Amino acid sequence: MPAARRLLGCTVEADTPDGTVAVELVEVEAYRGSDDPASHSYRGRTPRNAVMFGPAGHLYVYFVYGMHFCANVSCLGDGEAGAVLLRAGRVVSDVGVARVRRPTARTDAELARGPARLAALLGLGRGHNGLDVISGDSPVRITAGDPVAPERIRSGPRVGVAAAHELPWRFWIDGAPEVSPYRRHRPRARSTT
């Protein structure tokens with residue numbers, strides 16, 4: 001989980017049709033390979049999850065619930081599955097451009113709170129899957145920020161997963177208002193009809 005902790009405080013910058021948008025990451029969530037039943041790579045490599053198998057530093061963008069995109073960054077060596085979900089960020093670029101991209105946000109803290117909102121703010125979609133976010137000329141870039149002091153980093157259970165939800169692989173910066181509220185996983189009731 002070192003990559004997840006190191007991503008906190010980093011800046012994700014994206015070139016969008018409305019202008020450049022940048023966020024400082026304040027919340028992330030780690031996923032591994034065959035030993036993590038909540039991971040998209042749990043059952044092995046597929047065309048959909050291939051980016052998770054490295055090399056590190058590439059976007060894994062996927063569509064969820066038939067309506068939202070979410071984005072991960074691959075974080076392990078080539079052939080080894082692992083990625084970090086980008087869960088929330090604090091806008092550090094022109095807030096006016098961010099508000100054009102997310103006009104329904106009631107507060108600045110809501111602009112990039114939650115992985116789907118963050119992806120929408122950054123304009124991420126299927127076409128961004130596999131992008132090298134370390135390259136300076138990429139349309140989506142991640143740059144190192146000042147390291148976050150260890151005493152400011154909190155960890156807890158992952159959000160919105162049915163398996164292995166108890167693992168403390170969600171990391172956030174304590175006190176950041178953009179951090180998603182924790183919602184405990186509740187299994188769906190089975191239909192009796």
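Analyst: Start with one term. A residue is buried under 20% relative accessible area, exposed over 50%, and partly exposed in between. Note also that this model is predicted.

User: Why is Arg 106 called exposed?

Analyst: Its relative accessible area is 69%. The cut-off for exposed is over 50%. So Arg 106 counts as exposed.

User: What makes Arg 106 and Glu 110 a salt bridge?

Analyst: Their closest N and O atoms are 3.3 Å apart. A salt bridge needs a side-chain nitrogen of Lys or Arg within 4 Å of a carboxyl oxygen of Asp or Glu. The pair therefore qualifies. Glu 110 itself is buried, because its relative accessible area is 11% and the limit for buried is under 20%. Elsewhere, shared partners link Glu 27, Glu 29, Arg 87 and Arg 170 into one network of salt bridges.

User: How many salt bridges does the rule give?

Analyst: The count comes to 11. One of them joins Arg 141 and Asp 15, with the closest N and O atoms 3.0 Å apart. Arg 141 lies in strand β6 (residues 140-143) and Asp 15 in strand β1 (residues 11-16), so this pair ties together parts that are 126 residues apart in sequence.

User: Are Arg 141 and Asp 15 buried or partly exposed?

Analyst: Take each in turn. Arg 141 has a relative accessible area of 11%. That is under 20%, so Arg 141 is buried. Asp 15 is at 41%. That falls between 20% and 50%, so Asp 15 is partly exposed.

User: How do you know that Arg 32 and Asp 35 form a salt bridge?

Analyst: Their N to O distance is 2.6 Å. The limit is within 4 Å. So the pair counts as a salt bridge. Arg 32 is partly exposed at 31%, and Asp 35 is partly exposed at 46%.

User: Why is Tyr 65 called exposed?

Analyst: Its relative accessibility is 61%. The cut-off is over 50%, so Tyr 65 is exposed. Tyr 65 is in the loop between β3 (59-64) and β4 (68-74).

User: Which residues form a nonpolar patch on the surface?

Analyst: Phe 63, Tyr 65 and Met 67 form it, with about 370 Å² of accessible area together. A patch residue needs over 30% relative accessible area. Phe 63 has 33%, so it passes that step. Phe 63 still counts as partly exposed.

User: What makes the pair of Phe 63 and Phe 69 tilted?

Analyst: The whole structure holds 2 aromatic pairs. In this one, the ring centres are 4.8 Å apart and the planes are at 50 degrees. Centres must lie within 6.5 Å, and planes under 30 degrees apart count as stacked, over 60 as edge-to-face.

User: What sits over the ring of Phe 63?

Analyst: The charged end of Arg 126 does, 4.9 Å from the ring centre. The distance limit is within 6 Å.

User: How do you know that Val 73 is buried?

Analyst: Its relative accessible area is 6%. That is under 20%, so Val 73 is buried. Val 73 lies in strand β4. Leaving aside neighbours within four places in sequence, its contacts include Gly 57, Gly 82, Val 133 and Ile 142.

User: Why is Gly 82 called buried?

Analyst: Its relative accessible area is 1%. The limit is under 20%, so Gly 82 is buried. Gly 82 is in strand β5 (residues 82-91). Beyond four places in sequence, Gly 82 touches several residues, among them Tyr 31, Met 52, Val 73 and Cys 75.

User: Is His 128 buried or exposed?

Analyst: His 128 is at 19% relative accessibility. The limit is under 20%, so His 128 counts as buried. His 128 sits in the loop between α3 (115-122) and β6. Leu 59, Val 61, Gly 123 and Val 140 touch His 128, with residues up to four places away not counted.

User: Which peptide bond is cis, and what is its omega?

Analyst: The bond joining Gly 54 and Pro 55 is cis, with omega about 5 degrees. Pro 55 lies in the loop between β2 (19-32) and β3.

Notes. Residues numbered from 1 in each chain as written. Predicted model: local features only at pLDDT ≥ 70, side-chain atom pairs only at ≥ 80, totals over all residues. Heavy atoms only, no water. Patch = residues over 30% accessible without salt bridge, like charges linked within 9 Å, V, L, I, M, F, W, Y side chains within 5 Å. Areas by Shrake-Rupley, 256 points an atom, 1.4 Å probe, with all protein chains shown as cover. Helix = DSSP H or I, 4+ residues; strand = E, 2+ residues; numbered from the N terminus. Buried < 20%, exposed > 50% of the residue type's maximum accessible area, 1.4 Å probe, protein only. Phe/Tyr/Trp six-rings, centres within 6.5 Å; stacked < 30°, edge-to-face > 60°. Lys NZ or Arg CZ within 6 Å of the ring centre and 35° of its normal. Contact = heavy atoms within 4.5 Å.
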